[in-house]
Amino acid sequence: MSNAQHDPSSEAAAQPLISHLVELRDRLLRSLLIVLLLFLPLFYFANDLYAYLSEPLTALLPEGTSMIATDVTSPFFAPFKLTLVLAIFAGIPFILHQIWSFIAPGLYQHEKKIAIPLLISSIFLFYAGVAFAYFVVFPLIFGFFTSTGPENVAMMTDISSYLNFVLKLFFAFGIVFEIPIATLLLVWSGVTSVESLKDKRAYIIVCCFVVGMLLTPPDVISQTLLALPMWLLFETGIILARIFVRRDDDEYENEEESEQT
């Protein structure tokens with residue numbers, strides 16, 4: 001006769017975990033599917049998309065010069081990589097919605113009220129950072145690079161190197177523009193306070209320039225163009241934290257009082 005005993009409590013505890021894992025798998029598959037559905041039609045315009053992306057540089061190249069491909073596979077894989085990244089960027093709202101749907105059931109009502117605006121704002125700020133890099137930063141840094149080279153050197157950039165360069169800046173500026181959201185979350189979660197952040201403002205400004213130096217190419221223009229928005233976005237985050245965290249605390253206290261009554 002076996003001594004093993006059936007434990008209903010452990011089996012009941014395992015079922016919610018399995019259901020969460022199944023839900024997580026389904027949401028990951030949906031996210032991959034939406035990226036694939038966006039990629040397929042975009043790939044038809046892959047070369048046109050790359051031409052549009054490279055316009056800030058090609059418009060400044062001297063007459064008679066153009067971009068080059070130093071690898072045999074670059075003419076195919078560079079537009080392919082760009083299209084895949086664009087599909088992921090375009091699918092960010094849907095991907096974040098899947099993440100939100102997965103974690104929302106575990107949040108309190110007052111947490112959901114602040115989480116939804118933060119989710120929408122984070123999407124908008126990421127796209128704003130990418131647009132700022134393309135329309136403001138690229139013309140300035142490419143104008144600087146193309147005008148400072150020796151007269152006897154023709155600038156002909158490799159298409160893969162250019163793509164890696166701009167994607168790095170897109171990602172850097174997209175993440176940096178999330179600083180107001182990160183600042184608000186830090187204050188809201190109790191990790192820090194508005195007063196503490198204001199006291200450390202000088203150190204944070206220095207950190208902005210250090211991060212700008214690490215995330216951008218080694219030139220003063222792109223480093224400054226990243227550091228200054230970081231500082232301004234940090235100040236915006238402090239203002240938002242001062243407004244919304246106080247309001248959220250009041251709503252939380254009212255919610256607790258209503259539950260007690």
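**Figure 1. Overview of the chain, which has ten helices and zero strands.** Helices (H or I, at least four residues) and strands (E, at least two) are DSSP runs, numbered from the N terminus. This is a predicted model, in which local features need pLDDT of at least 70 and side-chain atom pairs count only at pLDDT 80 or more, whereas totals for chains, interfaces and linings use all residues. Residues are numbered from 1 along each chain as its sequence is written, and side-chain values use heavy atoms, with hydrogens and water left out. The mean pLDDT (the predictor's confidence in each residue, from 0 to 100) is 80 for the chain, and 85% of its residues reach 70 or more. Confidence is highest in helix 3, at a mean of 92, and lowest in helix 10, at 70. Of the 261 residues, 34% are buried; buried means under 20% relative accessible area, exposed over 50%, and partly exposed in between (1.4 Å probe, protein chains only). The chain exposes about 16,100 Å², of which carbon and sulfur atoms supply 68%; accessible areas come from the Shrake-Rupley method with a 1.4 Å probe, and for residues only the protein chains shown count as cover.

**Figure 2. The largest nonpolar core, with 49 residues.** Such a core is a set of buried Ala, Val, Leu, Ile, Met, Phe, Trp, Tyr and Cys residues joined through side-chain atoms within 4.5 Å. Y50, L53, F138, Y162, L163 and F170 have the most contacts inside this core. At least two core residues come from each of helix 2, helix 3, helix 5 (109-148), helix 6 (159-176), helix 7 (179-188), helix 8 (194-199), helix 9 (201-215) and helix 10 (220-260). Helix 5 gives the most, with twelve residues. Leaving aside neighbours within four places in sequence, Y162 is in contact (heavy atoms within 4.5 Å) with Y50, L53, S54, P56, L57, M67, F142 and T157.

Figure 3. L61 is buried, at a relative accessible area of 11%. Not counting residues up to four places away in sequence, L61 touches S66, M67 and M155. The C-alpha atoms of L61 and M156 are 8.1 Å apart, although 95 residues separate the two in sequence.

Figure 4. R27 forms a salt bridge with E23, the closest N and O atoms being 3.2 Å apart; a salt bridge is a side-chain nitrogen of Lys or Arg within 4 Å of a carboxyl oxygen of Asp or Glu. Both residues lie in helix 1, four residues apart, or about one turn of the helix. R27 counts as buried, at 16% relative accessibility, whereas E23 is partly exposed, at 25%. A nonpolar surface patch is formed by L17, L21, L24 and L28, with about 370 Å² of accessible area together. Patches are made of residues with over 30% relative accessible area and no salt bridge; like charges are joined within 9 Å, and nonpolar side chains (Val, Leu, Ile, Met, Phe, Trp, Tyr) within 5 Å.

**Figure 5. The salt bridge between R201 and E235.** The closest N and O atoms of this pair are 2.6 Å apart. R201 lies in helix 9 and E235 in helix 10, so the pair ties together parts that are 34 residues apart in sequence. R201 is partly exposed, with a relative accessible area of 27%, while E235 counts as buried at 18%.
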